[in-house]
Amino acid sequence: MKQLRDILFLQTFGIILVVLGHSFYQFPSDTPFIRWIYGFHMPLFFFISGYLLKYVHGDLAHLQLSGRTGYMARKARRLLVPYVVISSLFFVPKALMSRYSVRPIQLNLHDYLDQLLIPYHNVFGAYWFMPTLFLVFTVFILARKTLGRHATTTGGMVALGALGVVDCLMPFAKDSLLNIVGVVFYLFYFALGYQYQASRLETAIKKANAAMVFITTLALSVLLMYVPQGSLTDLLMALNGILMSIGLALLYERRGAHALDHLFGYTYTIYLYSGFFQIAALQVLLHFVSLPPVVYVPLAFLMGLYGPWAMKKAWRKLRH
């Protein structure tokens, strides 16, 4: 249970960073704090997904993929169905209120298909994650199942290293069909999480001084902010940020902290619906009320985090 508690903390910490990052939407992307958040928070989610895949299904030998109850069908219902349904439902309202949007769209078939097929163009920008994660799952599982018993730890490490090199050499583009470039890019962090689970590295880190791990990696993350930007720097920032998050999770557990426990299990709900609450705070309210950043940033953060949380809490009470 402690292992799962660590993962719950990592998921919660990650979604807090996502909501916080979106709360600064009017700030330049090169603002140090925003660069720090975006340097590792999404790689962290793919890392967690890969970790959980191995934690739950091991070497995938007995994982059933096909059929209505198969693994990929379940993943499609969880990731692709909400992506298509919510995006379709809010395409028309988004188009009609485009003058209030950061990225205006037109009410036509081209823009409708564009926001579905090019995930970074979606009416909710953060939704690019869902089809990307589904394709990452698909590519990784098919590759792993194809190799079957021939898959070895050494081979996995070689493949992981190759993916890391690709990440450093491949220009990142947000306009690729189905975010194929993003799939290749984030596949590295997914595979890293899979390899990390139950490895000697995980054992060593869990035995280490959690405070020292966190403080060291936090200091290094600040130093990396002043290193010239580039693909290698980005890779180091992401890897260091993941390790820093793990150190923080261990520290949270070992100190017996419970401050974020009330958010455990709400990560996906917050991810899906935080945008609705933040739109109210950032894109509508600011057009009618002049608010300084010291007011609207905390307001957007709290609404984005606790709006979906309260909504799900209320729904659970109604069901019971």
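The legends below describe close-up views of a predicted model.

**View 1. Packing of helix H3 against helix H9.** Helix H3 spans residues 41-57 and helix H9 spans residues 180-196. Their axes are 6 Å apart and meet at an angle of about 40°. The two helices are therefore oblique to each other, and their crossing is right-handed. On the H3 side the contact involves Met 42, Pro 43, Phe 46, Phe 47, Ser 49, Gly 50, Tyr 51, Leu 53 and Lys 54. On the H9 side are Tyr 186, Tyr 189, Phe 190, Leu 192, Gly 193, Tyr 194, Gln 195 and Tyr 196. Sorted by class, the residues in the contact of H3 with H9 are 12 nonpolar, four polar and one charged.

**View 2. Packing of helix H11 against helix H12.** Helix H11 (residues 210-224) packs on H12 at an angle of about 150°, with the axes 8 Å apart. Because angles over 145 degrees count as roughly antiparallel, H11 and H12 are placed in that class. The crossing is left-handed. H11 contributes Ala 210, Ala 211, Val 213, Phe 214, Thr 217, Leu 218, Leu 220, Ser 221 and Leu 224 to the contact. Residues from H12 include Thr 233, Leu 236, Asn 240, Leu 243, Gly 247 and Arg 254. By class, the contact of H11 with H12 has 14 nonpolar, five polar and one charged residues.

View 3. H12 covers residues 231-254, 24 residues in total. The distance from its first C-alpha to its last is 35 Å, close to the 34 Å expected at 1.5 Å a residue. Of the 24 residues, 17 are buried, so H12 is largely enclosed by the rest of the structure. Just after H12, Gly 256 has a positive phi of about 65°.

**View 4. Surroundings of Phe 40.** Phe 40 lies in the loop between helix H2 (32-38) and H3. Its relative accessibility is 2%, so Phe 40 counts as buried. Leaving aside neighbours within four places in sequence, Phe 40 is in contact with Phe 13, Leu 17, Met 237, Ala 238, Gly 241, Ile 242, Met 244 and Ser 245. Leu 17 is 23 residues away along the chain, and the C-alpha atoms of Leu 17 and Phe 40 are separated by 9.5 Å.

View 5. Gln 11 belongs to helix H1 (residues 2-22). Not counting residues up to four places away in sequence, Gln 11 touches Phe 45, Ile 48, Leu 52 and Thr 267. Gln 11 and Phe 45 are 34 residues apart in sequence, with a C-alpha to C-alpha distance of 7.0 Å.

Note on methods
Residues are numbered from 1 along each chain as its sequence is written. This is a predicted model: local features need pLDDT of at least 70, side-chain atom pairs count only at pLDDT 80 or more; totals for chains, interfaces and linings use all residues. Side-chain values use heavy atoms; hydrogens and water are left out. Axes are lines fitted to C-alpha atoms, for helices over the stretch in contact, and angles run from 0 to 180 degrees between N-to-C directions. Helices (H or I, at least four residues) and strands (E, at least two) are DSSP runs, numbered from the N terminus. Angles under 35 degrees count as roughly parallel, over 145 as roughly antiparallel, 65 to 115 as roughly perpendicular and the rest as oblique. A crossing is left-handed if the near helix is turned anticlockwise from the far one by less than a right angle, and right-handed if clockwise. Contact means heavy atoms within 4.5 Å. Ala, Val, Leu, Ile, Met, Phe, Trp, Tyr, Cys and Pro count as nonpolar, Asp, Glu, Lys and Arg as charged, and the others, Gly among them, as polar. The expected span of a helix is 1.5 Å times one less than its number of residues. Buried means under 20% relative accessible area, exposed over 50%, partly exposed in between (1.4 Å probe, protein chains only).
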